[in-house]
Amino acid sequence: MSLPRMYTEFAEYCQLINPREDYADEAPQWAAVLRKHLGAGRHEILELGVGGGNNLSYLVDEFQATAVDLSPEMLAQAAKLMPQVELLVGDMRTVRLGRTFRAVLIHDAIDYMTSEQDLRATFATAAEHLDIGGVLVTSPDFYSETFRGPIASCATNAAGAVSFTNMEYMYDPDSCDTTMDVLSWYLLNESGRLRVEHDRHVYGLFSMETWLRLMGEAGFAVERVPFEVGDPVRETYLLVGVLKNRPGGPS
């Protein structure tokens, strides 16, 4: 998978692109779901596609975490937030760690799965790392039946003499396929020297029925939990799957 520039050459600015504090209201909702299904205790959890670690960093005091990401540059940033977490390079579709966890989390990195084949492979990875009764929690940003594009946004954050402006344009150029585009322009100002750069992200765009069906095919019993992200243009849920069986294997 070819990574957007945000996760390679601009990874060092990840806290200016997506500040950790932006996740302060989201992370407790993930923690609440985990507590509901796992109960008390410092359970072992795995995040696939951890990125810079913003969401997970709010959970590591309560849970014993391991995390995987495709970008070594982003893992280096995650290590600054979570030095106690085991961080591993891997693709969520194919990685196999040879051990299981009580829960697998996939935050918005799931957006980069652009085909049903990608989703099937990712859910198989999650199931492979869970015992029966383990929990998968994920949350795609958009669904095909509720996406109302195009959507334009702009945010600027600064630290010292550096400011980073991220301008995004989200749209679906072909309603007959399973992808949407996110075009980004980065305005990086370092001590008065301005750079303007371009980036492109391709997200998967699937119906809610597709998400529920594919998670079910992977052996999960799924519920939708309302997920408040403070964004009025999005209808968001935590999709919570409890592993009941592995297709082709004993339950």
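# Helices, a sheet and one histidine

Helix 2 buries Ala27, Gln29, Trp30, Ala31, Val33, Leu34 and Leu38. These residues belong to a predicted model.

**Helix 2**

- Helix 2 covers residues 27-38, twelve residues in total.
- At 1.5 Å a residue, helix 2 should span 16 Å, and its end C-alpha atoms are 16 Å apart, so the two values agree.

**Helix 5**

- Helix 5 runs over residues 116-128 and has 13 residues.
- From first C-alpha to last, helix 5 reaches 18 Å, close to the 18 Å expected at 1.5 Å a residue.
- Its buried residues are Asp118, Leu119, Thr122, Phe123, Thr125, Ala126 and Ala127.
- The buried residues of helix 5 pack against helix 6 (208-217) and strand 1 (44-48), as well as strands 4, 5, 10 and 11.

- Four strands form an open sheet in the order 6-7-8-9, and their pairing is antiparallel.
- Strand 6 (151-159) and strand 9 (193-204) are the edges, and each pairs on one side only.
- From one strand to the next, the twist averages 15°.
- Strands of a sheet pair through backbone hydrogen bonds, either parallel or antiparallel.
- Strand 7 (residues 162-171) and strand 8 (residues 179-190) run antiparallel and are joined by ten bridges.
- Val162 stands opposite Glu190, a residue of strand 8.

**His43, a loop residue**

- His43 sits in the loop between helix 2 and strand 1.
- Its relative accessibility is 12%, so His43 counts as buried, the cut-off being under 20%.
- A polar atom of the His43 side chain lies 3.0 Å from the backbone oxygen of Ala40.
- Leaving aside neighbours within four places in sequence, His43 is in contact with Arg35, Leu38, Glu62, Phe63, Gln64 and Arg102.
- Among these contacts, Leu38 is one of the buried residues of helix 2.

Conventions. Residues numbered from 1 in each chain as written. Predicted model: local features only at pLDDT ≥ 70, side-chain atom pairs only at ≥ 80, totals over all residues. Heavy atoms only, no water. Pairing = 2+ DSSP bridges. Helix = DSSP H or I, 4+ residues; strand = E, 2+ residues; numbered from the N terminus. Axes fitted to C-alpha atoms, helices over the stretch in contact; angles between N-to-C directions. Expected span 1.5 Å × (residues − 1). Buried < 20%, exposed > 50% of the residue type's maximum accessible area, 1.4 Å probe, protein only. Contact = heavy atoms within 4.5 Å. Polar contact = N/O pair within 3.5 Å; in protein donor to acceptor, adjacent residues only side chain to side chain.
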